[in-house]
Amino acid sequence: MAIQESKFNYADRYRVDSGKEIRLKDWVTDDKDKPLNKEDGENILKADILKLSDIQEKLYASNRYSVLIVIQAMDAAGKDSVVKHVMSGLNPQGVTVTSFKTPTHQELEHDYLWRHYIALPARGMVGIFNRSHYENVLVTRVHPEYILNENLPGIKELKDIDKSFWDNRFRQINHFERTLSDNGTIILKFFLHVSKKEQKKRFLERINDPAKNWKFSSTDIQERELWKEYRKSYEDMLANTSNTTAPWFVIPADDKWFTRFIIANIIVCELIKLDLSFPQLSDAQKKSLEDSKKLLTGETESPAGSNNE
């Protein structure tokens, strides 16, 4: 049975057009033009989670596509919350969530895409990158000294890391994603756009609530002081790496329920386009099923409690 399309479709509203210059100030962090209230939104989210479960089952059965969901954001924007709530209906056996931290020594001995490549989902599977290969044009852009740890040819000091270096990385990432797309990986990328005011509020909640203390680090404050630098890096990243095969979506993240609602809506609407279905059996396979059915229904049932059960 075909999956019913959603009444709402927010993909175009929050999609970043290919090659378009981005100013994040022009993108809302809290959409005041919400078409529904929180209660209705959460009910629709539940329905979309069920649709995702159905899509996942057909994705696995058809074994032709994989899905890669990329989530990037400033600290405290709600990345973990999105994974926890939006993906709650998926079969854990068919999902891998990878959170990329500071590269290890082994990872630094390979090219920067290596650790991401080996974490990609196989056909029929869903992969979620909670932070991703884009850290290589975000945190390293703000802290270019990290690039020196990669021991790259021609990069001996900070002055060697110029605009052409970052342009080349954007090209490499686009090529990487295009190769994945050509081979059946559906890529959906979400930037959770949180305001500096809301981030402050969430940081204070983490500090004041003992149950959330573990989520906070003093380095969060140090990185917050570089807000403008990170925003500029995100703007360049979005402008240079959003395209039809691997689009970016800038999602308002100040209101968590709406963030989850929008992301679930976009994932469902985009994956429905695949028109997935369960594999059709050949005549020979259908005959084999009927033969198996006859064998099973023709068996003589053993008495309860016998050793044949």
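**Reading charge pairs, strands and patches in a predicted model**

Modeller: The side chains of K159 and D160 meet in a salt bridge, with N and O 3.8 Å apart. The term denotes a side-chain nitrogen of Lys or Arg within 4 Å of a carboxyl oxygen of Asp or Glu. This is a predicted model, in which local features need pLDDT of at least 70 and side-chain atom pairs count only at pLDDT 80 or more, while totals for chains, interfaces and linings use all residues. Residues are numbered from 1 along each chain as its sequence is written, and side-chain values use heavy atoms, with hydrogens and water left out.

Colleague: Is K159 buried or exposed?

Modeller: Buried means under 20% relative accessible area, exposed over 50%, and partly exposed in between (1.4 Å probe, protein chains only). K159 counts as exposed because its relative accessibility is 63%, whereas D160 is partly exposed at 22%.

Colleague: Which residues do salt bridges with shared partners join into one network?

Modeller: That network consists of D12, R15, E270 and K273. The structure holds 24 salt bridges.

Colleague: Why do such pairs form at all?

Modeller: Side chains of opposite charge can pair when their charged atoms come close. In the pair of R23 and D26, the closest N and O atoms are 2.9 Å apart. R23 is partly exposed at 42% relative accessibility, and D26 is exposed at 55%.

Colleague: Which parts does the salt bridge of R141 and D236 tie together?

Modeller: The N to O distance of this salt bridge is 3.3 Å. R141 lies in helix α6 (residues 139–142) and D236 in helix α10 (residues 227–241), so the pair ties together parts that are 95 residues apart in sequence. Helices (H or I, at least four residues) and strands (E, at least two) are DSSP runs, numbered from the N terminus. R141 is partly exposed with a relative accessible area of 25%, while D236 is buried at 17%.

Colleague: How many residues of strand β3 are buried?

Modeller: Five of the five residues of β3 (residues 126–130) are buried. V126, I128 and N130 point one way from the strand, and G127 and F129 the other way.

Colleague: Which strand do five bridges join to β3?

Modeller: Two strands pair if DSSP finds at least two bridges between them. Five bridges join β1 (residues 66–73) to β3, and these strands run parallel; I69 stands opposite I128. Strand β2 (residues 95–99) is likewise parallel to β3 and joined to it by five bridges, with S99 opposite N130.

Colleague: What is the phi of R131?

Modeller: R131 has a positive phi of about 70 degrees although it is not a glycine. R131 is placed in the loop between β3 and α6 and counts as buried at 19% relative accessibility. D275, also not a glycine, has a positive phi of about 55 degrees. D275 lies in the loop between α11 (256–272) and α12 (283–297) and is exposed at 63%.

Colleague: Which residues form a positive surface patch?

Modeller: Patches are made of residues with over 30% relative accessible area and no salt bridge, like charges being joined within 9 Å. K84, K212, K215 and K256 form a positive patch. K215 lies in the loop between α8 (196–208) and α9 (218–224) and is partly exposed at 39% relative accessibility.

Methods:
Patches are made of residues with over 30% relative accessible area and no salt bridge: like charges are joined within 9 Å, nonpolar side chains (Val, Leu, Ile, Met, Phe, Trp, Tyr) within 5 Å. Accessible areas come from the Shrake-Rupley method with a 1.4 Å probe; for residues, only the protein chains shown count as cover. Lys and Arg count as positive and Asp and Glu as negative; His and the chain ends are not counted. The place of a charge is taken as NZ of Lys, CZ of Arg, CG of Asp or CD of Glu.
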